[in-house]
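Work through the exercises below with the sequence and the 3D view open. Try each task before reading its solution.

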Amino acid sequence: MKWLLLCLIGGFVAAGSIFVLNSARVYALDENNCLVCHGNPEMTKINGDGKKISLYVNSEAVNTASHRFINCTTCHPSYTVIPHRVDTPLTKLSLAEKCGSCHQYEYKLHRESIHGQQLANGNLDVATCVDCHSPTGNPHSVIRVLEYNAPTYKKNIAQTCAGCHNDASLMANYGIVEKVYESYMRSFHGKAMKLGTYEITQLDKATCTNCHGVHDIKSANDPNSPVAGLDNLAKTCEQCHAGAGIEFARGFLGHREASPDNIPVAHYTEILFRLLLTSVLSFGAVVVIMAIYRFSADRWRV
Amino acid sequence: MATRAETVYAGLVPEDTIARFDVHQIIQHIGLMVSFVLLVITGIPLKFHDWAISQAWIGMWGGIEVTRSIHYFGAWLMVGVGFYHLYYLWYSTAILKKPFPIKMIPSLSDFIKLFQELGYYVGLRKEMPRYDRFNWKEKFDYWALFWGVPVMAVSGFILMFPVFATRFLPGWVVPTALVAHSDEAMLALTWIVMVHIFFNHFTPGVFPMNTSIFTGRVPRERYRRDHPLEYDRLMGIPEVVDDEADNEGIDEKNDEGADETGQGNN
């Protein structure tokens, strides 16, 4: 009995220690101790325009970010001497170039994409690196693509794109009137993605980037886009649907609902079935309600 | 005069039940029921994909790949049952030379009896209409399958093999099949739950469950109550002419073919 008790206590201690020891935290590489000052949430400065801006770097986010083993000075090179130079921080416009100093291939593709072209024109609406790669839009918390909580993880991509592309007023500026996010989520691809798990095996399901491209994403009106025209679209379908042809691509509703102009047969079939459904089920409901009334009344009288 | 129920089953079965379904009909119903349930539990979450419970439910089965496989299995099972029924129908009429199951064919009397039944429910009539072997609800269920199973099978086949289908058919068949499949499924499910389950299991006298489709046998008293015309014929009681209902469903074969007509229907 004593031994059993001892074993039990020992077991608890062992389990507890494993639990505590396992929760050891990961720390970002911070060779110049930047976080000593910048890890303080209170740290601010008044910039040239007289505006108060925060200089705080969330160490929690940095510790789990994909770049946690890269020194701060890799991206902020002018700050190697202390007290360091006060330099203009990275802006949305200059960020891609900074990321591109390492990620050259992606930078090149992005520059040629519709987002990159617009960015080069000084348009601040468009997506640049961190808008898709960081959950908070903060360059310090960029997460690797295959981590389940990354905005670029397969299951999360549609929501990431929806951040801008589900904003009807923003999209109206660019003539994108289709409810792309909603129609995707309604489609088989969206349902499979939504109902699928977070497992890595879910990578074979199609989301925005499978058809539209990733860093090299193009406007759907661009003739070089993988979704422009039935020929390109069929080739894109064929990447997953082996043997898909033009007719297969023609069955795509194009992010719109079926209507007299858009696959009219599907539209009229829907109306037909709605009528059938409503009439048959109303009839059934009436009969059942009348029967329930009679059976209850009989029961009540007895 | 010895009736079918008395001669065929004398001493073999409890006397207070009457055979209504043969073993093929029982198997077909079980196959249909199992496949229907499998199809519903794996198909409904797709229709209501944005409900949290759908995601939890699919996760419970191990993900959408698993429920998709179950759905395919249920689909082939249901198609198999359909062909089984057609073969059974052909075999029993063409080979076994049983009379064609004419009592399942809808007639004017079904409409009359429908209104009589509704009249009974609201208190305009004292009694339920006197039904023959199949009442209008049973006929409706049966013929709904003749419409529903082909719709579901064809549209489901297109959705299962969209690339193959569009090799021969125009592209619009795929979105059209999806619409048809989804709406027809809702129609079938709602009808089964609301009408079929209610009238066959939840009505007085059969609650909580009517086991006749599984045992093939119906208690004598319930048979007399629910299918009085058929019951009287089985028992050799002279036919009471119903003044309001048109009994055209009863054909002249009854005298010599009562034992077959009882078997040849579903």
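**Exercise 1.** Is His255(A) buried, partly exposed or exposed?

Solution. Begin with the conventions. The model is predicted, so local features need pLDDT of at least 70 and side-chain atom pairs count only at pLDDT 80 or more, while totals for chains, interfaces and linings use all residues. Residues are numbered from 1 along each chain as its sequence is written, and chains are lettered from A and ligands numbered from 1 in the order in which they are written.

Step 1: take the cut-offs. A residue is buried if 20 or more other C-beta atoms, placed from the backbone, lie within 10 Å of its own, exposed if 12 or fewer, and partly exposed in between.
Step 2: apply them. His255(A) has 18 other C-beta atoms within 10 Å, so His255(A) is partly exposed.
Step 3: locate the residue. His255(A) lies in the loop between α15 and α16 of chain A; helices (H or I, at least four residues) and strands (E, at least two) are DSSP runs, numbered from the N terminus.
Step 4: check the backbone. Phi of His255(A) is near 60 degrees, a positive value in a residue other than glycine. Most residues other than glycine have a negative phi.

**Exercise 2.** Describe the make-up of chain B.

Solution. 
Step 1: count the elements. Chain B has twelve helices and two strands.
Step 2: read them in order. The pattern along the sequence is α-β-α-α-α-α-α-α-α-α-β-α-α-α.
Step 3: consider burial. Chain B has 266 residues, of which 30% count as buried.
Step 4: consider contacts (C-beta atoms, placed from the backbone, within 7 Å). Among contacts in chain B with a separation of 6 or more, 74% join residues 24 or more positions apart.
Step 5: The bond from Phe207(B) to Pro208(B) is cis, with omega near 5 degrees, and Pro208(B) is in the loop between α8 and α9 (212-215) of chain B. Most peptide bonds are trans.

**Exercise 3.** Which helix of chain B gives the most to the side that touches chain A?

Solution. 
Step 1: size the contact. Chain B brings 38 residues and chain A brings 37 residues.
Step 2: list the helices. On the side of chain B that touches chain A, α2 (23-47), α3 (52-60), α5 (108-121), α7 (162-168) and α8 (173-201) each supply at least two residues.
Step 3: pick out the main one. Helix α8(B) gives the most to that side, with 15 residues.
Step 4: sort by class. That side of chain B has 24 nonpolar, ten polar and four charged residues; Ala, Val, Leu, Ile, Met, Phe, Trp, Tyr, Cys and Pro count as nonpolar, Asp, Glu, Lys and Arg as charged, and the others, Gly among them, as polar.

**Exercise 4.** How do α16(A) and α8(B) pack?

Solution. 
Step 1: read the geometry. Helix α16 (residues 264-301) of chain A packs with α8(B) at an angle of about 5 degrees, with the axes 9 Å apart. Axes are lines fitted to C-alpha atoms, for helices over the stretch in contact, and angles run from 0 to 180 degrees between N-to-C directions.
Step 2: name the arrangement. The angle makes α16(A) roughly parallel to α8(B), a label for angles under 35 degrees.
Step 3: sort the contact. It has 19 nonpolar, four polar and four charged residues.

**Exercise 5.** Which residues have the most contacts inside the largest nonpolar core?

Solution. 
Step 1: define the core. It is a set of buried Ala, Val, Leu, Ile, Met, Phe, Trp, Tyr and Cys residues joined through C-beta atoms within 7 Å.
Step 2: name the residues. The largest nonpolar core has 22 residues, and Ala249(A), Val173(B), Val174(B) and Ala177(B) have the most contacts inside it.
Step 3: trace the sources. Helices α14 (229-238) and α15 (246-250) of chain A and α8 of chain B each supply at least two residues of this core. The largest share, six residues, comes from α8(B).

Definitions and conventions. Contact = placed C-beta atoms within 7 Å. Parallel < 35°, antiparallel > 145°, perpendicular 65-115°, else oblique.
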